[in-house]
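Here's a quick briefing to read alongside the structure. Have the viewer open and click along as you go.

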Amino acid sequence: MTVSLSTKQRVQSIDILRGVIMLIMAIDHTREYFHIGAITSDPTNLANTTPLLFFTRWITHFCAPTFVFLSGLSAYLAGTRRTKKELSGFLIKRGLWLIFVELAIITLALTLNPLYNGFALQVIWAIGVSMVILGLLVWLPLPVIGAIGLIIIVGHDWLNTIKLAPNGTEDVLMKIFFTARGTVFFLDKTHIVFALYAVIPWTGMMLLGYAFGSLYQTKYKPINRKVLLIYASALLFLVFLGLRLVNAYGDPAPWSAQKNGIFNLMSFLNVSKYPPSLLYSSLTLSVTLLVLALTEKSAGKLAGFFKVYGSVPFFYYVLHFYLIRALTIVVFFLQGFKTSQIVTPNNPFLFTPPGFGFSIGWVYIIWLAIILSLYYPCRWFSNYKKTHKQWWLSYL
């Protein structure tokens with residue numbers, strides 16, 4: 001069995017990077033609930049956004065692909081302590097657990113609706129299904145798994161050209177697994193599903209991350225691993241830059257000249273997340289690999305701060321949503337809204353009536369309060385995981 005760094009200690013660059021993206025991620029979730037008009041506006045729509053609002057949303061584009069990629073990388077490291085059969089079973093069970101978490105725990109946090117009139121299939125759903133698929137594929141040779149991931153990432157945009165009969169079974173399955181862009185499905189007259197994360201493109205990222213996990217075998221010296229990660233990062237960035245400059249294959253939304261330089265830049269960077277295009281994946285994963293390369297030997301208080309959050313990402317993810325929603329209830333009443341406004345027509349998210357929220361400046365203040373208030377709970381749970389070995393901790 002190959003020995004990896006993970007058998008001796010956690011790879012701190014993974015925890016640091018994961019901590020950074022978990023904190024950045026909370027900016028967008030805070031904005032979605034506390035920025036006035038956020039539910040009905042798109043911050044990446046250049047026709048009615050501002051640079052601050054655009055980049056507040058855009059910076060969080062790096063979160064989901066990094067988290068999915070690192071999930072694949074961590075799965076490889078977990079496999080160094082298990083047989084193939086054990087790893088396959090663990091990934092399938094953990095994937096099914098994450099699907100349940102998305103439908104039951106995260107959905108409740110998002111909507112505060114105990115009747116579950118709306119289900120949101122987001123990143124935890126995508127990771128869960130991708131983990132099940134990876135659990136089935138771990139029997140294949142590692143290069144084959146990496147190649148499948150790369151083919152999915154590179155070739156996925158071609159699927160956008162396929163036209164199916166609207167709302168037919170094939171069309172619904174295609175949207176859920178390949179091309180969903182905030183697609184809404186009605187289970188019945190009172191229950192809907194928001195399919196925001198098409199599964200298979202994200203599976204490609206997880207499979208690629210699993211293949212990159214092999215760089216953390218002990219046969220790789222840290223300096224060699226760093227060089228390989230930097231070269232891979234540069235290659236991905238050149239793919240993004242080259243294809244984006246010519247508006248060729250790789251993204252359904254080409255960039256165009258705008259009213260000034262900053263909006264030209266915004267248009268150039270405004271790549272498609274739903275589903276993740278080749279250019280979106282290339283840009284975000286190039287940064288992921290570069291940060292992994294540069295932070296492996298990082299030390300100091302700032303690195304330690306990020307590692308606290310990055311060592312307990314699931315715990316933080318669930319907790320931060322419930323904290324955000326608890327604050328929305330408090331703000332709802334402080335702003336003078338009435339109990340009759342808790343439920344808004346055609347809106348499955350409770351406590352978010354029209355006119356609720358603040359300016360973007362206040363959103364940042366609330367975000368800082370949220371992430372700082374979660375530091376000590378995350379540090380406690382991180383220490384608990386280090387000193388306890390119960391089986392269920394591997395699922396959290």
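What follows covers the overall fold, the salt bridges, the cysteines and a couple of local spots.

This is a predicted model, so local features need pLDDT of at least 70 and side-chain atom pairs count only at pLDDT 80 or more, while totals for chains, interfaces and linings use all residues. Residues are numbered from 1 along each chain as its sequence is written, and side-chain values use heavy atoms, with hydrogens and water left out.

**Overall fold**

- Along the principal axes, the C-alpha atoms fill a box of roughly 60 × 50 × 45 Å.
- Of the 396 residues, 52% count as buried. Buried means under 20% relative accessible area, exposed means over 50%, and partly exposed is in between (1.4 Å probe, protein chains only).
- Among contacts (heavy atoms within 4.5 Å) with a separation of 6 or more, 75% come from residues 24 or more positions apart.
- The chain exposes about 18200 Å², and carbon and sulfur atoms supply 70% of that. Accessible areas come from the Shrake-Rupley method with a 1.4 Å probe; for residues, only the protein chains shown count as cover.

**Salt bridges**

- The count comes to four salt bridges, each being a side-chain nitrogen of Lys or Arg within 4 Å of a carboxyl oxygen of Asp or Glu.
- Asp 28 pairs with Arg 31 at 2.9 Å, N to O. These two sit three residues apart in helix 1 (residues 12-34), which means about one helical turn between them.
- Asp 28 also pairs with Arg 57, at 2.6 Å, N to O. Arg 57 is in helix 2 (residues 51-58) and Asp 28 in helix 1, so this bridge ties together parts 29 residues apart in sequence.
- Glu 296 bridges to Arg 225, with the closest N and O atoms 2.5 Å apart. Glu 296 is in the loop between helix 11 and helix 12 (301-310) and Arg 225 is in helix 9 (residues 222-245), so the pair ties together parts 71 residues apart in sequence.
- Glu 296 and Arg 225 are both buried.
- Through shared partners, salt bridges join Asp 28, Arg 31 and Arg 57 into one network.

**Cysteines**

- How many disulfides are there? The count is zero, going by the rule of a pair of cysteine sulfur atoms within 2.5 Å.
- The sulfur of Cys 63 has its closest cysteine sulfur in Cys 378, 15 Å away, which is too far for a bond.
- Cys 63 is buried, with a relative accessible area of 7%, and Cys 378 is buried at 0%.

**Two local spots**

- Ser 282 lies in helix 11 (residues 278-295) and is buried, with a relative accessible area of 2%. Leaving aside neighbours within four places in sequence, Ser 282 is in contact with Leu 236, Phe 237, Val 239 and Phe 240.
- On the surface, Leu 150, Val 154, Trp 158 and Tyr 249 form a nonpolar patch with about 400 Å² of accessible area together.
- Val 154, in helix 6 (residues 142-155), is partly exposed, with a relative accessible area of 40%.
- Patches are made of residues with over 30% relative accessible area and no salt bridge: like charges are joined within 9 Å, nonpolar side chains (Val, Leu, Ile, Met, Phe, Trp, Tyr) within 5 Å.

How values were computed: Helix = DSSP H or I, 4+ residues; strand = E, 2+ residues; numbered from the N terminus.
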